[in-house]
Amino acid sequence: MANELKVPTMAELFAAGQKPEVLFWVGCAGSFDDRAKKITKAFVQLLNKANVSFAVLGTEESCTGDPAKRSGNEFLFQMQAVTNIEVMNAYGINKIVTACPHCFNTIKNEYPGLGGHYEVVHHTQFLKTLFDDNRITLEGGKFKGKRITYHDPCYLGRANNVYEAPRDLIRKLDAELIEMKSCKEKGLCCGAGGAQMFKEPEKGDKDINIERTEQAMETKPEIIAAGCPFCNTMMTDGVKNKEKEGDIAVMDIAELMASAEDL
Amino acid sequence: MEYLPNIIFVVVLTAGIGFFAKNVKRLSRNIKLGRDVDVSDNTGQRWKNMARIALGQSKMVVRPIAGFLHIIVYVGFIIINIEVVEIILDGILGTHRLFAPLGIVYDGLIGSFEILALLVIVAVTIFWVRRNIIRIKRFIKPEMAGWPKKDGNLILYIELVLMTLFLTMNGADYQLQQMGAAHYTEAGMFPVSQFIAPLFQGMSMSSLILLERTAWWLHIIGILCFLNYLYYSKHLHILLAFPNTYYGKLAPKGQFKNLDAVTAEVKLMMDPSADPFAAPAEDDTAEPAKFGASDVTDLSWVQLLNSYTCTECGRCTDECPANQTGKKLSPRKIMMDTRDRLEEVGKNIDANKGQFVDDGKQLLDGYISREELWACTTCNACVQACPVSIDPLSIIMDMRQYLVMEESAAPTDLNNMMGNVENNGAPWPFNQMDRLNWAKEE
């Protein structure tokens, strides 16, 4: 890694009497999952490059409660939510960016009813704004002409109607964006949502991630782009299952951009 | 004796509409068995949704072939109903083609009804072929075996018969007009049935009149029968699609409702000044609210309305990732099961003088298995796919809540995950204190 990451915490900034422009909500996957941590770092590199004043909660962050809620454990969900909201409200947080569509959806849609009112954006939306405001530029053309297909995360796409920000970013890489047969509103789930990530699938003919990987492979991609750490895991496993990991890379949009920048 | 046909007509009409009204009452009673839910917000947006999705068929055309054919049948249904108004008035007053004095407008109306009737016959035939010859996958799923399949075909046959009767009636009428029969004054334009009329050549005037009258009577009786068939079939969507799209979910699809009963508990737990040993309030004798749903009466009335609105088109199931990969879950079956159980509960109430008597059954396990509920990825593909704003996912979620919060019956893996969230704030067993370690790792 070229530069050391600058990752200030809310506690540090608060002690210094400062308040960041935005809170980066890292999420459990982004904090602990080895694959997802790379996405987190790529995104921080971009934030550092664009001189965005941000902070993380660090050890004060806790699961949003999304997997508990989708499992049916409303009690645990609300305990998590209320705890997180207390922390964030104490810091007077207004704006949150996250690289996880599940955290994004939960904080944006389900926290307001419990007293947590924030402007919440997905990292692809945030990066798009950085571009539009000329706070970050793309050079190189490392991905020029590369065949990239984009997998819509359910909780970003259908759940919240964010379809274009990630696609706009891929186009800015001069890559060839190829759509799968089911995309956008009709995008097929990777199989991880609704807490399926944490359990074995029910009996069936096939795993959902294999079905989705096959759809992706029909586009003959060099890269499968994702915007969700769980989709990333599912698609990576799917590509491995097809023994195509040498030919097809599964990358988050933030990783594509950081890599284009040689960060 | 002169007024006998009028009297018979009024009796038939009253019986048909009266019986239908009885069914509507039963339908509304059953829907109201659901929990109350406040849907009085955003009336403007709700009207807009109804206009766009139900009236405008905006989500039907996502699948262009079925969507286009459906629009034909839908427009046919609405427009041809103008003709039914004339038929009813004729029946009551003993007139013939009451609206004929409208002249050229009348010609245009009758002409367009005829063309639509022909188009409906074509569309319905293609629908039948799709179901029975091409056997499109979503029509032959396990939940469609037996009655649902028969029901689907029966509706197509009824529509076919009604349209044929309508054209026969017009054809005979046209022929009688040509022959200058009394009462059959020249009126209307018959772009389709004029080609049927030659079949009747050589028939005597009296047998033609008999044919015309028979077709006329069978047509209106058929319509009244069809109206009453609705309640017993999947076909209620022709009426309920309108309220259902009005009451459909407005929040982003990813937003699942927060349970207020839980919020109250959680707030109390988090409140440092709450007295854990406080005696319950005097009036606190109400039974504690049940979390989630194990039977239809635990669902909201909007969810029950959803179940009656479902016309079993199967677009939801076709888009469901679990179903596509061979799992037992089918969102359409969730809706069909909910309706079937609700009907069962309704009949129970009718049989027991207005009181539900425990029948030892419930929606959970009796109709919907746990395996189905746990196979859902909550991806909202079914909700997106539904052309009439039905939300099968909300029922799945309510039933999961019951399983977890009332029965502690989550799959072991999920219990482990929830244990981790509870203990260390992450779905995996990592220490919360290590949450920022990534920032220092190479």
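Helices and strands are taken here as DSSP runs, numbered from the N terminus, a helix having at least four residues and a strand at least two. On that basis, in this predicted model, A195(A) falls in the loop that joins strand 6 (176-177) to helix 9 of chain A. Since a residue is called buried when 20 or more other C-beta atoms lie within 10 Å of its own, A195(A), with 28 C-beta neighbours inside 10 Å, counts as buried. Leaving aside its neighbours within four places in sequence, A195(A) is in contact with P67(A), R70(A) and S71(A) of chain A, and with L414(B) and M417(B) of chain B. The C-alpha atoms of A195(A) and F143(A), which are 52 residues apart along the chain, are separated by 34 Å.

The contact between the chains draws 58 residues from chain A and 57 residues from chain B. On the side of chain A that touches chain B, at least two residues each are supplied by helix 2 (27-32), helix 3 (34-49), helix 4 (66-71), helix 5, helix 6 (101-110) and helix 9 (208-217) of chain A. Helix 5 of chain A provides the largest share of that side, namely seven residues. Divided by class, the residues on the side of chain A that touches chain B comprise 22 nonpolar, 19 polar and 17 charged.

Helix 5 (residues 74-90) of chain A also packs with helix 8 (residues 260-270) of chain B, at an angle of about 50 degrees and with the two axes 10 Å apart; this angle makes helix 5 of chain A oblique to helix 8 of chain B. The crossing of helix 5 of chain A past helix 8 of chain B is right-handed. From helix 5 of chain A, the residues E74(A), F75(A), Q78(A), M79(A) and V82(A) meet V262(B), T263(B), V266(B) and M270(B) in helix 8 of chain B. The contact of these two helices has, by class, six nonpolar, two polar and one charged residues.

The contact is made by R46(B), N49(B), M50(B), I53(B) and A54(B) of helix 2 of chain B, together with A241(B), F242(B), T245(B) and Y246(B) of helix 7 of chain B. By class, the contact of helix 2 of chain B with helix 7 of chain B has six nonpolar, two polar and one charged residues.

In soluble globular proteins, nonpolar side chains tend to be buried together. The largest nonpolar core of the model has 149 residues, of which L23(A), A225(A), M235(A), A254(A), M257(A) and M399(B) touch the most other members. Helix 16 (residues 392-406) of chain B contributes the largest share of this core, nine residues. When residues up to four places away in sequence are not counted, M399(B) touches G292(B), A293(B), S294(B), L364(B), I368(B) and L373(B). Another core, of 30 residues, lies apart from the largest one and includes A117(B), V124(B), L167(B) and I220(B).

Within helix 7 (residues 123-132) of chain A, the residues H123(A), T124(A), F126(A), L127(A) and K128(A) are buried. The buried residues of this helix pack against helix 3, strand 3 (95-98), strand 4 (119-122), helix 8 (164-172) and helix 11 (253-260) of chain A. Helix 7 of chain A is followed by N134(A), whose phi is positive, near 60 degrees.

Most residues other than glycine have a negative phi. In chain B, E312(B) has a positive phi near 60 degrees, although it is a residue other than glycine. E312(B) is placed in the loop between helix 9 (301-309) and helix 10 (315-319) of chain B, and is buried, with 24 other C-beta atoms within 10 Å. S389(B), which is likewise not a glycine, has a positive phi of about 60 degrees. S389(B) is found in the loop between helix 15 (381-385) and helix 16 of chain B, and with 22 C-beta neighbours inside 10 Å it counts as buried.

Key:
Residues are numbered from 1 along each chain as its sequence is written. Chains are lettered from A and ligands numbered from 1 in the order in which they are written. This is a predicted model: local features need pLDDT of at least 70, side-chain atom pairs count only at pLDDT 80 or more; totals for chains, interfaces and linings use all residues. Axes are lines fitted to C-alpha atoms, for helices over the stretch in contact, and angles run from 0 to 180 degrees between N-to-C directions. Angles under 35 degrees count as roughly parallel, over 145 as roughly antiparallel, 65 to 115 as roughly perpendicular and the rest as oblique. A crossing is left-handed if the near helix is turned anticlockwise from the far one by less than a right angle, and right-handed if clockwise. Two residues are in contact if their C-beta atoms, placed from the backbone, lie within 7 Å. Ala, Val, Leu, Ile, Met, Phe, Trp, Tyr, Cys and Pro count as nonpolar, Asp, Glu, Lys and Arg as charged, and the others, Gly among them, as polar. A nonpolar core is a set of buried Ala, Val, Leu, Ile, Met, Phe, Trp, Tyr and Cys residues joined through C-beta atoms within 7 Å. A residue is buried if 20 or more other C-beta atoms lie within 10 Å of its own, exposed if 12 or fewer, and partly exposed in between; C-beta atoms are placed from the backbone.
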